[in-house]
Amino acid sequence: MGLPLFSVQEDPGPSFVSYLDAKGASMTLPTGVDSPHATTVVAVRAAGGVVLVGDRQATGAYIASRDVRKIEAADRFTAIAISGSAAMGMEFIRMAQLSFEHYEKMTGSSLSLEGKANYLSPLIQRNNLTTPFLVLPLLAGYDVNRKRGRVFEYDGAGGCYERGDFVVIGSGTPFAESALRLGFRDDMSIEDAVELAALAVYEAGDNDPATGGPDFVRNIFPMIVTVTDEGFSELSAEATATTFRTIHERRTATGGRPGGALR
Amino acid sequence: MSMPFYVSPEQLTKDRAEFAQKGIARGRSMVATTYDNGVLLVAENPSASLNKISEIYDRIAFAGVGKYNEFDRLREAGIRWADGTGYTYSREDVDARALANYYAQYLGAMFAEGPKPLEIEILVAQLGNELRPTKLYHLAYEGTITDEERFAVLGGDADTIKQRFADTDTGASDLRGALHHAVAALSGPDRSIPATDLEVAVLEDRGSRRTFVRLTDEVVGELLNN
């Protein structure tokens, strides 16, 4: 690959995807291949930021992997999470990370959070309408211009919708969403939101075979992320383990019954 | 039918070189130097938004002097090349030397065959690690490439500034010392450049993947006044 220079009329601008298109390097995919799927992630708005919790399992015909990371930092103030085809999802995360940084370097300023959310729409649309590897990401982050946490969800055709409360993606959605619907309050503290989001993913892991719950044998737990004005931060392994152990012990004490309350 | 006049290659090259040098001499100069923790880039630039120095990749910075539109186009091409290479292979495969070579080829081709030579000089700086050395690749308007270990000066006034820098050089110091040294060489004994007319950036390991950091006027002013 030589120096990628374009004429003024054909210049692809600061979009990395447009650049790949211009040099004819974007991917075409074979069809009809069975591939592992990644599932449940929740993103919850809280006071001063957002909280994300995602399980770690990738499922094909069997469990394909137990320690997948479905939530990644797209940049310092933005988290991206994926469900659906694991292969396409990972590619999606890479493309988002690269595109946001590419834009920043080309123009000298960062994209707005809404700009990042909108940027993903045509990528989802193109992927989902032309390949069988459906992917459904979510985008959540701290909006440095508006000084608050924001969460965005997508539909399969690439439609981008901002939600005021929370977003859930993946096969465990019904169970995780039920827990969130009951437990969500406006302007929850980050700590409360972490507890609620962890419980939601625990519920999904308890009921959905494609969602991995806490794995006490291998010490693998769903990952917990916060994004605040201090940026993207992943909860430590110990704190994550403690969060899920607490829920687990409560459930063990009641013989597996939630006990009619959010606990 | 009219025939073009014969012009000897010597004359043609000389004319083109003079043209490029004149264009470059119209702008202000810049200095890049290593210091104990990284690479410092200092340009005299009264504009706060039209940058001469920018980030190419995790450990690579770009600087240009001369015609803004010409070097900015090469800056964009460099970012595309670096992001494209890192995406195709791996981030650790992005090497400033390869990019400097592409720039050299392009500048050389434009000098010899283009409608006019580019009136720019550019610098590709790489912060070393266990894989690669710290290097300052200096590219002249005609495609000549030199790699410097310690410092590089770009611009019309380069020879004088280079001499001033070398005469007082005591080896790698801390950031403050390097900045004082670079600014003194840029300004000369008879004038001083205010912090607002300086564009300063560093490549420095601070525990994150990206090492490029722009220093604000306040930080620069504070470093220079103490």
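This is a predicted model: local features need pLDDT of at least 70, side-chain atom pairs count only at pLDDT 80 or more; totals for chains, interfaces and linings use all residues.
Residues are numbered from 1 along each chain as its sequence is written, while chains are lettered from A and ligands numbered from 1 in the order in which they are written.

Show strand β2 (residues 41–46) of chain A next. Six bridges join β2(A) to β3(A), and the two run antiparallel. Strands (E, at least two residues) and helices (H or I, at least four) are DSSP runs, numbered from the N terminus; two strands pair if DSSP finds at least two bridges between them. Two residues lie between the strands of this hairpin, where A:G48 takes a positive phi near 80°.

Go to strand β12 (residues 223–228) of chain A. β12(A) pairs with β3(A) in the antiparallel sense, over six bridges. In β12(A), A:V227 is the bridge partner of A:V50.

Now select residues 49–54 of chain A. Six of the six residues of β3(A) are buried, so the strand is largely enclosed by the rest of the structure. Buried means 20 or more other C-beta atoms, placed from the backbone, within 10 Å of the residue's own. A:G49, A:V51 and A:V53 point one way; A:V50, A:L52 and A:G54 point the other.

Finish at the contact (C-beta atoms, placed from the backbone, within 7 Å). Chain B contributes 14 residues and chain A twelve. Select α2 (68–88) and α3 (96–113) of chain B, the elements giving two or more residues to chain B's side. α2(B) gives the most, with nine residues.

Definitions and conventions
Two residues are in contact if their C-beta atoms, placed from the backbone, lie within 7 Å. A residue is buried if 20 or more other C-beta atoms lie within 10 Å of its own, exposed if 12 or fewer, and partly exposed in between; C-beta atoms are placed from the backbone.
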